[in-house]
Amino acid sequence: MKSILVSACLLGVSCRYDGKAKPVKEVIALKGKYKLIPVCAEIMGGLPTPRIPCEIKNGRAVNQNGEDKTAEYVRGAEEVLRLARLFGCDTAVLKARSPSCGNGEIYDGSFSGRLISGDGICAELLKANGIKIFNETQISEILGGEL
Ligand code: SF4
């Protein structure tokens, strides 16, 4: 069975900045076809739950208090990449719009809800290492033969 990385919050793990999960049943159902490897770059980078939310600004992860958490974000992304290599994952299903997991679209750093083009820090590192990224709204693409 092929292994794929999945954002842990999409599987029901309460690892989000607000201490909650964001389970998506279509993502959880992938366990019937794939071995799911849960990852959370923010936790794996050493950040607590709950935590003050970050957004990406000028390539840095900065929280709502103006504190730079880029080092933790990068450390967590590297640990996720480590697991991708260990389990031979070439695909990941990551939470949309997150400053770590977002793919193609993220918040603009102003904490105003505005979206811009871009990737979260973990998604960017995985992509740079040849891993295909989907978000929770693209499960049909995975099941449609993309994997
Ligand atoms: Fe979910 Fe990714 Fe944020 Fe962790 S870093 S809570 S897996 S979106």
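Predicted model: local features only at pLDDT ≥ 70, side-chain atom pairs only at ≥ 80, totals over all residues.

So, the core. The largest nonpolar core here has 25 residues, and the ones with the most contacts inside it are Leu5, Val80, Ala92, Leu94, Leu126 and Ile131. By nonpolar core I mean a set of buried Ala, Val, Leu, Ile, Met, Phe, Trp, Tyr and Cys residues joined through side-chain atoms within 4.5 Å. Two or more residues of this core come from each of strand E2 (35-39), strand E3 (54-57), helix H3 (70-86) and helix H4 (121-128). H3 gives the largest share, six residues. Those labels are DSSP runs numbered from the N terminus: helices are H or I with at least four residues, strands are E with at least two.

Residues are numbered from 1 along each chain as its sequence is written, and side-chain values use heavy atoms, with hydrogens and water left out.

Back to Ala92. Setting aside residues up to four places away in sequence, Ala92 touches Leu5, Leu126, Ile131, Lys132, Ile133 and Phe134; a contact is heavy atoms within 4.5 Å. Apart from that core lies another one, of 16 residues, including Cys9, Val27, Leu36 and Cys40.

Now, is Ile133 buried or exposed? Ile133 counts as buried, because its relative accessibility is 11%; the cut-offs are under 20% relative accessible area for buried, over 50% for exposed and partly exposed in between, with a 1.4 Å probe and protein chains only. Ile133 belongs to strand E8 (residues 132-134). With residues up to four places away left out, Ile133 touches Ala92, Leu94, Asn103, Ala123, Leu126, Lys127 and Gln138. Two of those names turn up again in H4, whose buried residues are Ile121, Cys122, Ala123 and Leu126. Just after H4, Gly130 takes a positive phi of about 85°.

On to the ligand. Which residues are closest to the ligand? Of the 13 that surround it, the closest are Cys9, Cys40, Glu42, Lys95 and Cys101, where near means a heavy atom within 4 Å. By class, that shell has six nonpolar, three polar and four charged residues.

You'll find Arg16 in the loop between strand E1 (3-7) and helix H1 (25-28), and at 18% relative accessibility it counts as buried. Beyond its neighbours within four places in sequence, Arg16 contacts Cys9, Ala21, Lys22, Thr49, Pro50, Arg51 and Lys95. The peptide bond from Thr49 to Pro50 is cis, with omega near -5°, and Pro50 sits in the loop between helix H2 (41-44) and E3.

Arg97 has a positive phi of about 70° although it is not a glycine; Arg97 is in the loop between strand E5 (91-93) and strand E6 (105-107), and counts as partly exposed at 31% relative accessibility. Phe111, not a glycine either, has a positive phi of about 55°. Phe111 lies in the loop between E6 and strand E7 (115-117), and at 26% relative accessibility it counts as partly exposed.

Terms used:
Nonpolar A, V, L, I, M, F, W, Y, C, P; charged D, E, K, R; others polar.
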